[in-house]
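User: Could you take me through this structure? I would like to begin with the ligand.

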Amino acid sequence: MRVDVVSIFPEYLAPLELSLIGRARATGVLDVAVHDLRTWTHDVHRTVDDTPYGGGPGMVMRPEPWGEALDALAPPGAEPPPRLVVPTPVGAPFTQAMAHELAAESRLVFACGRYEGIDQRVLDHAATRMPVTEVSLGDYVLFGGEVAVLVIMEAVTRLLPGVLGNVDSLAEESHAHGLLEAPVYTKPPSWRGHEVPEILRSGDHGRIARWRRDQALLRTAARRPDMLAALAPGELDKKDVAT
Ligand code: 6GU
């Protein structure tokens, strides 16, 4: 997978070029480049923003540098065109399912907005050339898209073939089955008066699987009732504690 990130704070994305990518790069599954949006400005002040039409607070990112950046990174007629991902609080919620969709792409371009956002025409024009996905991490507002790119790239990269040492951890993890995962324990068996649940040390794999399923259901019911309500009827079995 090839990933280009455009930002006015490229240093913000340094972690992408370190640990995460380090391993994925070594295995050859990921290639990342971070670009400074101001590369595509032409005035002496390297201006990227201006006041909003219609009035209101803050500044809006001007379309011209973004247009040139996307022309350079996603040339018209590129086959296949990359997917443009725009982190924004007005985007669709980022989910594990979306991480899987992005992990299936061969090329991604991230456009990091700052201030009050990017002139809408940039996205409307880009959409005539390539798929555009606006994504939000949740119901709160960040300064800009950079940290969201780190989050999204971490979720996506670990799904790429050959990145995770143990592929089984993908099948077992929280959100894989629409439930939160059960608690986990390791040695020692007793620590500061807290014991590892006896059942996990019993060696009875049937009872352990049943216990983990019940713990996952109880945890999900307590913390994420919305997830439990969204489970398809067939996903709960007769022995499930929370039914
Ligand atoms: Cl993806 N970007 C910004 N700027 N704020 C956010 C967000 C994204 N997700 C939640 N808040």
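Analyst: One definition comes first: Ala, Val, Leu, Ile, Met, Phe, Trp, Tyr, Cys and Pro count as nonpolar, Asp, Glu, Lys and Arg as charged, and the others, Gly among them, as polar. This is a predicted model, in which local features need pLDDT of at least 70 and side-chain atom pairs count only at pLDDT 80 or more, while totals for chains, interfaces and linings use all residues. Residues are numbered from 1 along each chain as its sequence is written.

User: How do the residues of the shell around the ligand divide?

Analyst: The shell holds eight nonpolar residues, six polar and no charged.

User: Which residues come nearest?

Analyst: Pro 87, Pro 89, Leu 137, Leu 142 and Ala 148 come nearest, of the 14 residues around the ligand. A residue counts as near if its C-beta atom, placed from the backbone, lies within 6 Å of the molecule.

User: Which strand gives the largest share of the shell?

Analyst: Strand S5, with four residues. Strands are DSSP runs (E, at least two residues), as are helices (H or I, at least four), numbered from the N terminus.

User: Now the sheet: in what order do the strands run?

Analyst: The open sheet has five strands in the order S2-S1-S6-S5-S7, with parallel pairing; a pair requires at least two DSSP bridges. Strands S2 (31–36) and S7 (132–136) stand at the edges with a single partner strand each, so one side of each lacks a neighbour in the sheet.

User: How many bridges join S5 and S6?

Analyst: Three, between S5 (residues 83–93) and S6 (residues 107–111). Arg 83 stands opposite Leu 108 in S6.
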